[in-house]
Every structure is written in structure tokens, then in C-alpha cells.
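This report looks at selected helices, strands and single residues. The sequence and structure come first.

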Number of protein chains: 2
Amino acid sequence: MTETRLDAVKLDGTGPVYDQIRRAIRDLVVSGEWPPGTGVPPEHALMEQLGASRMTVHRALVQLAREGLIIRRRRSGTVVASPPASHAMLDILSIPEEVEQLGQAYAHDVLSRSDGRPAPEVAERFGLKRSDKVTHLVVLHRAGGKPHVLEERVIHAASVAGLAEEDFAQTPPGDWLLKHSLWSQAEHAISAVGAQGDEAVLLEIAVGEPCLLVERRTWNQDRPVTAVRLLYPGPRHRFVGRFGPYGQV
Amino acid sequence: MTETRLDAVKLDGTGPVYDQIRRAIRDLVVSGEWPPGTGVPPEHALMEQLGASRMTVHRALVQLAREGLIIRRRRSGTVVASPPASHAMLDILSIPEEVEQLGQAYAHDVLSRSDGRPAPEVAERFGLKRSDKVTHLVVLHRAGGKPHVLEERVIHAASVAGLAEEDFAQTPPGDWLLKHSLWSQAEHAISAVGAQGDEAVLLEIAVGEPCLLVERRTWNQDRPVTAVRLLYPGPRHRFVGRFGPYGQV
DNA sequence: AGTGTGTAATTGCATATGCAAATAACCGAT
DNA sequence: ATCGGTTATTTGCATATGCAATTACACACT
């Protein structure tokens, strides 16, 4: 567990004290300044450094724990949690995991890769500037040998370290990015489209066959990280979610 | 605001006291025993009745408020909240609202209705017993005069009061059910399908045109309430969601 | 080296107390 | 009746205190 600099926690004087503490620590976590595994100072230390009572510090930490940002254990202390890899319904999901949960063998092929400026029509479709340096990938994921999903991805080079050295032969780009980048916001859209000619060939389906299209764009503090277009063939794919009236169950 | 029976709050002796209180009140709310608008007893009353300190009661109530089950205001007290009508992304959404947010005029037609036992293929598709009494509806929703979504719905008669008297001319069944039924669990699945012949005619699209299919089943305490199949034509519909690594933003 | 065993660090929970903030309800003067 | 100010109720927040539960770590003993 990495040592933490206690004086990194700074209050802003607005609102209740417990919430100032909560936000201060939350910001350190989501900004990546305290990466997963970092030790959060014990309640007594925070209490002295911030001039608040232990119960007030406690309240802030309990809430952060309930939100999943930190993990607390008696005697061993509090550490920053790893962000949940997959998120219940429709989100940052690992395709290999998804396939293996179906009990099928996973494989993937990188069909093409290019590094440089984005083509105008790519930049437009993914909401990037033409001046951004990007890596553009097309990957076909297979389940049990058959095409499972076609991935077209653009990665913003400035947001990710070590991109040039990675060839994505072992790990598909989505999974690799989960480990090598930080994100704070994602947006996705789901729609139904008919397969275009080249897509249909790769997915081994007929042209015009209905496909589920998931488009996702990801940012870290307003800077784009990656944008991806996942095309799932036909009605044999469904996304399922379960919830109750007051949130997920 | 309805009066509440204080002695309805019963602790079960397992786990921390604040959590016993929290669960006790939560159960009264989600079971419908305390419907929305019901006044929750003030902290002092709960404190005396339960033999706990005010801070302990307070902790339970604060947490319930954060979860959205109750609303607390100084001096006026605490009341049971109305469940959120629409839920961020893909859930119990009101179609009229959805259309009006797009700035279009909303209308709907009840194309067919039948009350009685479900046809075998309907029962199978919606996960019902053949012996259940149901109402089966087909409704076309329009936006700006043009078909927006085709709804096929089965309502479990035993779970909803006043169903026989309602003709759904004013209010489409989804919205009506939100007000006249309780639900505790929902499951939905999204997939892409091609429009069948009769569906294509109603939606005024070509046969085989890709459509987004949302299937949702809803229960109240393990008893089915309703099941619905929403068919959205073509790629002009998208479901959009935004979130961060630690939950919705 | 291995094996208990005690100790201390750390979080978890509950209580009592006091004051602040919001505002519904009341009351009195016009 | 209407207006305006006062009061009382209820929640919100912070503190201090004490004890319980968990367990990493040091240390003694084989």
C-alpha cells in the first residue's frame, strides 16, 4: 500500500464539514491522484489534520465506502478501491468476459490499425478534432469461432500512455484500456441498424440484417479518451438489466 | 398527509440498530403499507418508541432520504416519497413524456384489447401461467402523427385493481399502470429484430427493417404485474445513457 | 523455523448534548 | 380579513465519550 501525503486533503469551506471532507477525498480518488490501493489516512490522522471530530471524519468515510470509492477494514485501515470493472447493465463491459459467461471460447483478430490523424468522417462520427492524434482500430471478436461483435475504435493518443507499444494481440483494446487509462464520464447510445456490405461480410450475415449498435464515448475530465462502435449481429444478442423502483437491486 | 401508526415500525434484532430501523421503514415503504405522502413519525417519536437515541434514528432516516425513499424537511417533517417516474436510462419510462421531450405531438390508439386467459404463445412469450387472467392490449403510439412505437402488453388482472373499468383512451397503459399498480422488480432486455409483416404495416416501414425491441417484465413481490414488448422502428431511435465509473452521474 | 498469544491500531456503533436553520402555526395589531 | 412578527417544532450538524469487534504485528516459547 502506497504512502499517502496527508496534506493533500484540503477543505473548501463550503457546506457541511463532513461533506467537504467527503468531496475532498472523492476528488483525490477520481482524479487519479490517489490510485487504487493507496492508503487513506486513518480517522485519527485526518481528524487532527483537519481539525474535525472523529465522528465527522467517520461520517465522510462511511459514505465514501458506501459509494464504493474506498474500502475500509478494521485494523488494516482504509484503501482506495479499484473501480468496478463491469457495471451491472450496459456499460464498460469486457467482451472476453461477456463471451466466457456464455460458456464459449473467446478469440479476437485485429483487422486493421492506423496511427495518425483521424479521417474527417471518423473524426466527425466520434466527436474528435482533426488535429488530435489517434489510433484507429478495427477488431473482430469471436465466440466459439463465430463472429460475435465487430468493434471499431478510436483512441485519443494523448490520453493514454504506452499506446504505441501495444499491439492488442493478447488483450483486446477495451480490456487493455480499462487497465491503462482513467475515465470519469461515459456516454453510450443503443440503436438498431441494418448491416452494411463490409460489415455483413465480416460478421457473416446478410446485408441489411438487423444489428444492435452500441456507441460509447469516454472522457477523462472533459478530455476524450476513446470512442467505440460495437456492432452485434442479429436478434441473438440481448442486453438484460434488472432493477427496482429505487435503483438497482 | 395520512396519519401513520407508530407501532408499525418493528425491529428484528439482527445487525446494527440504525440498520434495523432503516430496513423496518424501508419495508413499510416498498410494501406499500406506507404509500407515498404518508407522514413518517418525527425523530423524537421514533426514538421513544424504539428506545434508541435520536442520532441513531437520524442516521437511519438520513440514509433512507439519500436513497430517495423519503423526503425530509425541517419543521414539516418526513414523508414517504413518490417513486421516481423515469429512471435515468432505460427503464420505466412514460412514452408520452418521451415524445413530448422530442417536441412532438403525442397521440395513441388502442388497436385491440381482449380480457381473459392468455393464448399459449402469449403466455409463453411473457412468462405467465395459462390459468392467469390477463388483459391483452396492442397500442400504437404516435409522435407528430407518425408511428413512434408499437406496444404489445399483457397485464395480470389479479395484480391491478380497476383494470376492467379502464379503456386506456385517455392514458396509455404504461402511464396508467404507474399510478394504479405497485412494482418491486423489473427486468428488461434490448435486442435488434427485423419488422414482421403486420408490425411493418402498422409502423409504416418495410418488412425486415431493423427495429429496436425492448421487452420488459415487471413484478410485485414475485407476482407478475405486466409484461410489455415495445418495438421502435429503425435507426432513428436511440437510447442514451451517461454515467461515471462509480455509478450514474 | 514454526506456533501460539497478547497487544495495540483501526474501524464500527451507540449515546448524550448543544446549537443552528428552516418554517408551519399562532397571535396580535391594524 | 390581512399583514407581520413571534414561537415552537422538526431536522441538520458537530462534538465528546466510551466501548466493541477485528486483526496486523511483535514477541515469547517451543
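## A buried arginine

A:Arg23 is buried, at a relative accessible area of 17%. Buried means under 20% relative accessible area, exposed over 50%, and partly exposed in between (1.4 Å probe, protein chains only). A:Arg23 sits in helix H1 of chain A. Helices (H or I, at least four residues) and strands (E, at least two) are DSSP runs, numbered from the N terminus. Leaving out residues up to four places away in sequence, A:Arg23 touches A:Asp12 and A:Thr14. Contact means heavy atoms within 4.5 Å.

## Basis of the model

This is a predicted model, in which local features need pLDDT of at least 70 and side-chain atom pairs count only at pLDDT 80 or more, while totals for chains, interfaces and linings use all residues. Residues are numbered from 1 along each chain as its sequence is written, chains are lettered from A and ligands numbered from 1 in the order in which they are written, and side-chain values use heavy atoms, with hydrogens and water left out.

## Helix H3 of chain A

H3(A) covers residues 54-66, 13 residues in total. From first C-alpha to last, H3(A) reaches 18 Å, close to the expected 18 Å. That expected span is 1.5 Å times one less than the number of residues. A:Gly68 follows H3(A), with a positive phi near 90°.

Which residues of H3(A) are buried? They are A:Val57, A:Ala60, A:Leu61, A:Val62, A:Gln63 and A:Leu64. In chain A, the buried residues of H3(A) pack against helix H1 (17-30), strand E1 (39-40), helix H2 (43-50) and strand E2 (70-73). They also pack against helix H3 (54-66) of chain B.

## Helices H2 and H3 of chain B

The axes of H2(B), residues 43-50, and H3(B) come within 9 Å and cross at roughly 115°. Axes are lines fitted to C-alpha atoms, for helices over the stretch in contact, and angles run from 0 to 180 degrees between N-to-C directions. The crossing is right-handed. A crossing is right-handed if the near helix is turned clockwise from the far one by less than a right angle, and left-handed if anticlockwise.

H2(B) contributes B:Glu43, B:His44, B:Leu46 and B:Met47 to the contact. H3(B) contributes B:Arg54, B:Val57, B:His58 and B:Leu61. By class, the contact has four nonpolar, two polar and two charged residues. Ala, Val, Leu, Ile, Met, Phe, Trp, Tyr, Cys and Pro count as nonpolar, Asp, Glu, Lys and Arg as charged, and the others, Gly among them, as polar.

## A three-stranded sheet

Chain A has an open sheet of three strands, in the order E1-E3-E2, with antiparallel pairing. E1 and E2 of chain A are at the edges with a single partner strand each, so one side of each has no neighbour in the sheet. Two strands pair if DSSP finds at least two bridges between them. E1(A) and E3(A), residues 77-80, pair over two bridges. A:Val40 stands opposite A:Thr78 of E3(A).

## Positive phi outside glycine

A:Arg75 has a positive phi near 70° and is not a glycine. A:Arg75 lies in the loop between E2 and E3 of chain A. A:Arg75 is exposed, at 86% relative accessibility.

B:Phe168 also has a positive phi, near 60°. Its loop runs between strand E6 (146-156) and helix H6 (173-180) of chain B. Is B:Phe168 buried or exposed? B:Phe168 counts as buried, at 0% relative accessibility.

## An exposed aspartate

A:Asp115 lies in strand E4 (residues 106-116) of chain A. A:Asp115 is exposed, with a relative accessible area of 52%. Beyond its neighbours within four places in sequence, A:Asp115 is in contact with A:Val134 and A:Thr135. The C-alpha atoms of A:Asp115 and A:Thr135 are 4.4 Å apart, though the residues are 20 apart along the chain.
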